[in-house]
Amino acid sequence: MAVVEATTKALESAKISKTKELKGTEKRDALTKWEKIYQKKWQEEGVFEPNAPSTSEVPLNSISAAELRGQHPKFFGTIAYPYMNGTLHAGHTFTVSKVEFTAGFARMQGKRTLFPLGFHCTGMPIKACADKLINEIKLFGENFEGYTDEDAADDKAKENATPTPSTHHEDVTKFTAKKGKAASKVVKMKYQFQIMRAIGIPTEDIHKFADTAYWLEYFPILCKQDLISFGARIDWRRSFVTTDANPYYDAFVRWQMNRLRELKKIKYGKRYTIYSPKDGQPCMDHDRSEGEGVGPQEYTALKLKVKEWAPEAEAAIKEKVPEGADVFFVPATLRPETMYGQTCCFVGPKIKYGVFKVSEKEFFVITDRAARNMAYQGIFPGNGVYEKVAEVLGSACVGTLVNAPLSVHKEGVRILPMESVLPTKGTGVVTSVPSDSPDDYATIMDLAKKAEYYGIKKEWAELEIVPIIKTPSYGDLTAPFLVKKLKIASPKDTKQLEEAKELAYKEGFYQGIMVYGDFKGEKVEVAKPKVRQQLLDAKEGFAYAEPERKVVSRSGDDCCVALMDQWYLDYGEDSWKKVALDYVDNSDGKGLNTFSPETKNGFEGVLNWLNQWACARTYGLGSKLPWDPQFLVESLSDSTIYMAYYTIAHYLHKDIFGKTQGLAGVKPEQMKDEVWDYVFARRELSDEILKDSGISKETLASMRREFEYWYPLDMRVSGKDLIPNHLTFFLYIHLAIFPPEYWPKGVRANGHLLLNGEKMSKSTGNFMTLEEMVKKYGADASRIALADAGDGVADANFEEDVADNNVLRLFTLREWCEEQVKDEANLRSGPKNDFLDALFENEMNSLVNEARQHYEDTNYKLALKSALYDFTSARDFYREASVAAGIKMHKDLILQYIELQALLLTVIAPHWSEYIWLEVLKKPSTIQNALYPNVPAARADLSAAREYVRATSSNITSAEAAQQKKKAKGKDIGYDLKKPKKLTIFAAAKFPAWQEKYIDLVREAWHPDTKSINDKELNGKISKMGEMKKAMPFVQGLKKRLVGGEKPETVFNRQLAFDELKTLENMVPGLKKAAGLAVVEVVQVEEGGKKGRVVGTEKVVEGLPPNADAAVPGVPTFNFENVEV
């Protein structure tokens, strides 16, 4: 079929994969075989389907909801439900993993644990894609057979690189989100059917997606399958699709909107909004293919009336503008308070400007783009109409004399050229205030210097620069000061000018004082709105807005800003904002846990600038606005409190579309607003509610119990790019709708996920879906790589090598566990010894408790290290040391290790753990219901001994390797490597006397209550003693011991936490075998290092080598020599 070949060619670049190629899959297949078995078993047994304590167990209102949660601890976590216009990718999965791991550990803490997931379908994306397919089917046929090789070649030729949008903060008072997910996932393909093929939809099925309903049937199933194959602990009974496709959810959204309107949180009026003329409606975040997070930027537009035209410009407009009409150059400014200092007005010499008709007597000179924005803001006579009567090149306007409102130069200022003026920013006309704008100052200095080159009169660029604002750092002429300070020589020094602009604007706004004009003496932030109002009242300016950056709708329209009557949520209203800010501040510990300062700062930044948000539109999928059904509730407004819906979804319906009634046996129409109020603890039950709804008292009580038990939400996880919209809306609406007891407890934001250290991108081939990830590496190895990827707000990194290496690790570890259990009769039994056995058991206890702390802190990378990498290292050391010492490993310890290893990995690698639990250890029921192990605290003496053994063994190996290197270079090392060797270990009997004074300093600085030391103060005292180089390693060693849990009296009394000589004696057999030594002798060295005693004998040795004196307790030294055997 022609379409297949043509489309395949068009998609060639998208098909090139940069991901890792696997060489063998036998071990992976052996693991994944059991993963599938357990996934099926968990689903069949309903392992992840928790319920609240029933009202028959604990009658409703017999105890408070808080007491119920105290008696029956719970965890309720969610992610932002995924949008159903495609399958899940690795980035989605990374977000899922944060709730998944937290839920896994909560189960092991004995909590009833709920992790539900719905499917988001509201908004424009699905509708826009379906509409595109309708058009493409008309163009190319049902199976797109009309799309040919020629079309593909043509489309490729037209492809243009998309420039990266600037993220510069134009308005210093606003928090700006970085590039969002929508923008970072763009695939450069012209047709929707190509995109569908790229995500794996067969060509013959693509036409079905021209019906929006088919998307809702197709992708949720795939999403569920992929997450089950990942091993996610999700309660699928509570799933649903949004929009009126599910009448129960539709009733929930309508209730929510009604209540917000009653609370006066939803209002109606004129407001600026990002708008798509093509779609004829507001274009909100989730309706965009580019520009997610971008809002309207409000300016003050100034009317600079032409007093005298430059000849060339006059000729261009002659007979096109009526005689006697006023023409205005219209710059847009964010700094109206500086307008007193205007000395000229800039245009881009190469920019084509339009002369647009405002009325018979008034015309504006601006760019076409600005006129298009103004046309939807009531500035021109007809909405959406902007009549251009003439065109004029910027260079032709140079020299035109205009009146600049408020300027000290009442005789007028000139239009001058500025190369850096952008037609895509503001109106393309820029007023110049060189006292406070570094760009303006650098440009007028350049113009004055090269007046002849620019074709202007020098005096036009030399009008007096008057001080307008005084700042603490830069005086009353901020721009000249910064240009000089940063050594800016010309307007081409863009990097320094950007820095100067940031400095000038921030200090000017926050710390500036007006020194000129009607508001002299006032702070700039106070005077700014007053000056603006003065301009508006005098009709010398007007309000103008445009998108902060480029916004493109899903339908491909370049969006503008419209001033329109619409329903909006009044975010930012003072009292509401204060409650939200106080809750995020969490000063009393009862507010919102944000898990990181970056997330908290992000919330505070957004709350301080976010205001009115359009909550309705006319195009797309969704629920109708109850009181104005011509509008649909937009996608970021129907997705704020749906976590409450999860608590009772299984009572309402059994399928995601609400076609089959759930446990409650109620119809959608029975779910009246008053019923939702009761279920969500906003009112008490009345006879009227019972009568009107026809729902039994017992059923309503059971539904309310589910809500009161599971709420508040314990953890909400999402990408950090949703802080400026969804997560802040989620917070605002919870605070408005629910009583404080049910406000969310935690929001965890994560960074984007890199793949193999690079940004994920379909177009470059560095991309992986969840399905591909699990097929390639299996669920557990993928989960381990996700845990290893990182936990902070910074971007994380999924390394395929980590997943691949862990396939081998899990397989060999499983095999080893099976072998040990099978051959347990060959292991040692009886009493455990006090050396290797004691050290191994103690290290296991230490790591179990360490991993527990990391799991509690939701630091999964560190938890993985303790629970897998360090835990297997502990086993390796015990195994190798036992072999070296010539003894077998102890059966009880090996079985204990296997059981603990399974339990420690249950959170991250549950399938592997289930196999060990059921198939190897033959436990009676799933490990998913097992509790985290309780083990004794690690003993400090055994931990210190273990570290000593590790360090000493390593140091001996390093010392021998160093001698071998010397020998290889032809140096004399004093013995023959090929002959039998003797190792003498020198252990010091006492600490050197010089250390006493530093012990005293550390003792003084140690705070036992906080287990910390004031490093600054301590280091200052040490530096005064003049032995920094010698003292610091010793002091650091003391600190490490104290912080590690050793008793202070042991550390300060110059005692090791363990018996060094006994430990060395225990090490001797292993060292002899491991290093191939004929003799190992331990010598206790007396102070001075001249003589010592051979441990285990009464033999005294004198004339010890120089390095014997270097030994200190806990840090022995070594000597190699040949010996006769």
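Visitor: How many residues are in the largest nonpolar core?
Guide: This is a predicted model, where local features need pLDDT of at least 70, side-chain atom pairs count only at pLDDT 80 or more, and totals for chains, interfaces and linings use all residues. Residues are numbered from 1 along each chain as its sequence is written, and side-chain values use heavy atoms, with hydrogens and water left out. A nonpolar core is a set of buried Ala, Val, Leu, Ile, Met, Phe, Trp, Tyr and Cys residues joined through side-chain atoms within 4.5 Å. Trp215, Leu227, Tyr855, Ile898 and Ile916 have the most contacts inside the largest one, and its residues number 145.

Visitor: Which helix gives the largest share of this core?
Guide: Helices (H or I, at least four residues) and strands (E, at least two) are DSSP runs, numbered from the N terminus. The largest share is 10 residues, and it comes from residues 860–885, helix H32.

Visitor: Which residues is Tyr855 in contact with, leaving aside neighbours within four places in sequence?
Guide: Contact means heavy atoms within 4.5 Å. Tyr855 is one of the residues with the most contacts inside the largest core. Its partners are Phe105, Tyr860, Ala863, Ala867, Leu904, Val907, Ile908 and Tyr932.

Visitor: How many residues make up the other core, apart from this one?
Guide: Leu60, Leu610, Phe707 and Tyr711 are among its members. The count for this other core is 87 residues.

Visitor: Is helix H23 buried or exposed?
Guide: Buried means under 20% relative accessible area, exposed over 50%, and partly exposed in between (1.4 Å probe, protein chains only). The buried residues of H23 include Tyr642, His650 and Leu652. In helix H23 (residues 642–652), 11 of the 11 residues are buried, so the rest of the structure largely encloses it. The helix is buried.

Visitor: What covers the buried residues of H23?
Guide: Both strands and helices take part. The cover includes strand S1 (74–79), helix H12 (247–262), helix H24 (673–679), helix H26 (697–710), strand S25 (715–719) and helix H27 (723–737).

Visitor: Over which ring does the charged end of Arg814 sit?
Guide: A charge sits over a ring if NZ of Lys or CZ of Arg is within 6 Å of the ring centre and within 35 degrees of the ring normal. The charged end of Arg335 sits over the ring of Tyr505, 4.6 Å from its centre. For Arg814, the distance to the ring centre is 4.3 Å, and the ring belongs to Tyr915.

Visitor: What is the relative accessible area of Leu482?
Guide: Leu482 is found in helix H18 (residues 478–485). Beyond four places in sequence, Leu482 touches Tyr474, Ile488, Ala500, Leu503 and Ala504. Leu482 is buried, at 1%.

Visitor: Where is Thr243, and what is its phi?
Guide: Most residues other than glycine have a negative phi, and most peptide bonds are trans. Thr243 lies in the loop between H11 and H12 and is buried, with a relative accessible area of 2%. Its phi is positive, near 80°.

Visitor: Which peptide bond is cis, with omega near 5°?
Guide: Look in the loop between H26 and S25, where Pro712 is found. The cis bond runs from Tyr711 to Pro712.

Visitor: What separates the centres of domain 1 and domain 2?
Guide: Domain 1 covers 296–547 and domain 2 covers 800–942. Taken over C-alpha atoms, their centres are separated by 71 Å.

Note on methods
Domain bounds come from an automatic or database domain assignment.
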